[in-house]
Amino acid sequence: MNKDFAIAYDRLICLRDGQYSLEAATRSYGDVNNLLNWYINNVKASYAYTDESNMQMRATTVVQLKRGDYVQLLGEYGYDDEPYNQTTITRL
């Protein structure tokens with residue numbers, strides 16, 4: 001379900017002012033430069049990094065958003081068809 005965000009092509013657009021916790025977790029599958037990044041209005045807010053294969057990565061941050069701000073989750077996100085991926089945005 002999405003309550004406070006509109007789903008756009010490559011981003012989530014905030015519909016309600018507030019403080020939000022952004023959390024994303026995945027498992028790396030490459031051997032070099034595995035990154036998972038949260039961006040807010042095209043500015044990096046949080047990231048996770050590993051240079052090993054098959055490692056858990058988690059990127060989390062707490063941010064203040066205004067209506068119209070947008071968030072993006074970029075980088076490596078996904079490990080074949082395995083159920084290791086999780087993204088949560090919670091209004092605090």
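This is a predicted model: local features need pLDDT of at least 70, side-chain atom pairs count only at pLDDT 80 or more; totals for chains, interfaces and linings use all residues.
Trainee: How many bridges join strand E4 and strand E7?

Mentor: Five bridges, in the antiparallel sense, between E4 (residues 34-40) and E7 (residues 70-75). For a landmark, find Trp 38: Leu 73 in E7 stands opposite.

Trainee: Now aromatic rings. What describes a pair?

Mentor: Two values do: the distance of the centres and the angle of the planes. This model has one aromatic pair. The rings belong to Phe 5 and Tyr 20, with centres 5.1 Å apart and planes at 70°. Planes over 60 degrees apart count as edge-to-face, so that is the label for Phe 5 and Tyr 20.

Trainee: Which parts does the pair tie together?

Mentor: Phe 5 lies in strand E1 and Tyr 20 in strand E3 (residues 18-27), so the pair links parts 15 residues apart in sequence.

Trainee: How many salt bridges does the structure hold?

Mentor: Two. In one, the side chains of Asp 4 and Arg 91 meet at 2.8 Å, N to O. Asp 4 sits in the segment before E1 and Arg 91 in strand E8 (residues 86-91), so this pair ties together parts 87 residues apart in sequence.

Trainee: Why is Asp 4 called buried?

Mentor: Buried means under 20% relative accessible area. Asp 4 has 10%, so the label is buried. Arg 91, at 32%, counts as partly exposed.

Trainee: And the second salt bridge?

Mentor: Arg 11 pairs with Asp 10, and their closest N and O atoms are 2.9 Å apart. Arg 11 is partly exposed at 27% relative accessibility. Asp 10 is partly exposed at 38%.

Trainee: Last, the surface. Which residues form a nonpolar patch?

Mentor: Leu 35, Tyr 47 and Tyr 49 do, with about 320 Å² of accessible area together. Leu 35 belongs to strand E4 and is partly exposed, at 33% relative accessibility. Now check Thr 50 in strand E5. Thr 50 is buried, with a relative accessible area of 11%. The C-alpha atoms of Thr 50 and Leu 35 are separated by 6.9 Å, though the residues are 15 apart along the chain.

Terms used. Residues are numbered from 1 along each chain as its sequence is written. Side-chain values use heavy atoms; hydrogens and water are left out. Two strands pair if DSSP finds at least two bridges between them. Helices (H or I, at least four residues) and strands (E, at least two) are DSSP runs, numbered from the N terminus. Buried means under 20% relative accessible area, exposed over 50%, partly exposed in between (1.4 Å probe, protein chains only). Patches are made of residues with over 30% relative accessible area and no salt bridge: like charges are joined within 9 Å, nonpolar side chains (Val, Leu, Ile, Met, Phe, Trp, Tyr) within 5 Å. Accessible areas come from the Shrake-Rupley method with a 1.4 Å probe; for residues, only the protein chains shown count as cover. A salt bridge is a side-chain nitrogen of Lys or Arg within 4 Å of a carboxyl oxygen of Asp or Glu. Rings of Phe, Tyr and Trp (its six-membered ring) pair if their centres lie within 6.5 Å; planes under 30 degrees apart count as stacked, over 60 as edge-to-face and the rest as tilted.
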